[in-house]
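Some words used for protein structures rest on cut-offs. The questions below go through a few of them.

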Amino acid sequence: MSTIISSSVTNKLGYSMANAVAEYSRSATLFDSERAILDELSNEISNSRILDIGVGGGRTTKHLLDLSSDYVGIDYVPELVAKANDRFPNAKLGVGDARDLRAFSDESFDFVLFSFNGLDALSPNDRLLVLAEVYRVLRPHGVFMFSSHNRDYKYFNRLPWRRKFQFDQEFLRFFAYCMYHLPNHWRMRRHQIFTDEYAVVNDSDHRFSLLLYYISRDSQVRQLESAGFDRCQAYDSAGRRTRGDRSSHWLYYVARKKKIS
Ligand SMILES: C[S@@+](CC[C@H](N)C(=O)[O-])C[C@H]1O[C@@H](n2cnc3c(N)ncnc32)[C@H](O)[C@@H]1O
């Protein structure tokens with residue numbers, strides 16, 4: 001009999017593993033799409049109050065500090081926050097959980113970022129809690145930017161041998177990685193969830209140890225609108241606005257808190 005496990009719990013363990021902490025503490029580079037979107041938003045968010053959720057080892061910290069010194073980064077994995085603090089001793093970085101932002105008052109930020117699909121680590125119910133908390137801490141018209149795995153991705157839920165491939169070095173390396181870690185996938189895949197709105201799948205990330213949320217662009221926009229956001233815009237992996245895309249593994253979203261009348 002299979003037990004029901006919460007992806008929120010499983011994934012927090014995954015992000016706390018030494019190899020994940022080391023990986024997320026190395027990078028300081030923005031993705032092309034992040035750079036393009038932050039450029040587009042720069043007039044709106046420069047010198048504003050910024051909250052960086054799921055800051056990990058601090059990949060985005062320097063870039064956001066360049067936009068505003070009024071910056072706070074949080075992550076629920078203390079080991080990652082410690083690494084981020086080592087890298088940016090003058091930044092305001094602390095342990096905090098996106099599901100419970102009570103440490104921050106209502107309408108206390110102009111811009112909230114949850115980068116690199118961190119939101120997808122939450123269980124479907126917890127994801128909605130996060131959207132409500134982000135909505136609460138944003139000022140009216142404040143901007144929420146995040147990325148999320150794309151359910152319309154052409155290789156959604158496909159192991160390498162079910163993809164179109166060439167026998168090049170990259171494919172062989174990925175194939176070997178998948179074969180080696182396949183026992184993890186067999187253990188985890190019974191916890192996968194498929195609904196009309198979203199899927200929670202055990203993909204190849206982190207040696208097949210996570211359960212990650214995938215959603216199509218239209219469903220994500222509907223979900224944001226139900227949480228009170230409007231002017232929701234999706235971007236592909238090159239930072240172009242999109243109404244749906246099969247070649248981006250994840251999409252970026254920018255949404256604004258509605259002005260309460
Ligand atoms: C894929 S990693 C990205 C880390 C970093 N943003 C980066 O881009 O390198 C996702 C991050 O989200 C964090 N995270 C996931 N759920 C969270 C939650 N409920 N509250 C705070 N952080 C969370 C994880 O600990 C992890 O550091």
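Q: What makes the nonpolar surface patch in this predicted model?
A: The patch is made by W161, F175 and M179, and its area is about 270 Å².

Q: Where is F175 found?
A: F175 is in helix 7, which covers residues 169–188.

Q: Why is F175 called partly exposed?
A: The relative accessible area of F175 is 30%. Buried means under 20% and exposed means over 50%, with partly exposed in between. The value for F175 lies between these cut-offs, so F175 is partly exposed.

Q: Why does V95 count as exposed?
A: V95 has a relative accessibility of 55%. The cut-off for exposed is over 50%, so V95 counts as exposed. This residue lies in strand 3, residues 92–95.

Q: How many residues apart along the chain are V95 and G54, and what separates their C-alpha atoms?
A: V95 and G54 are 41 residues apart along the chain, and 9.5 Å separates their C-alpha atoms. G54 is also one of the residues that come nearest to the ligand.

Q: Which other residues come nearest to the ligand?
A: Of the 18 residues around the ligand, R59, D75, A98 and S115 are listed together with G54 as coming nearest. By class, the shell has 10 nonpolar, 5 polar and 3 charged residues.

Q: Which side chains have an N or O atom 3.0 Å from a nitrogen atom of the ligand?
A: The side chain of D97 has one, and so does the side chain of S115. The protein covers 99% of the 580 Å² of accessible area that the ligand has on its own.

Q: What contacts does the side chain of S147 take part in?
A: A polar contact of 2.7 Å joins the side chain of S147 to that of N117. A polar atom of the S147 side chain also lies 3.4 Å from the backbone nitrogen of F116.

Methods:
Residues numbered from 1 in each chain as written. Predicted model: local features only at pLDDT ≥ 70, side-chain atom pairs only at ≥ 80, totals over all residues. Heavy atoms only, no water. Near = heavy atom within 4 Å. Polar contact = N/O pair within 3.5 Å; in protein donor to acceptor, adjacent residues only side chain to side chain. Areas by Shrake-Rupley, 256 points an atom, 1.4 Å probe, with all protein chains shown as cover. Nonpolar A, V, L, I, M, F, W, Y, C, P; charged D, E, K, R; others polar. Patch = residues over 30% accessible without salt bridge, like charges linked within 9 Å, V, L, I, M, F, W, Y side chains within 5 Å. Salt bridge = Lys/Arg side-chain N within 4 Å of Asp/Glu carboxyl O. Helix = DSSP H or I, 4+ residues; strand = E, 2+ residues; numbered from the N terminus. Buried < 20%, exposed > 50% of the residue type's maximum accessible area, 1.4 Å probe, protein only.
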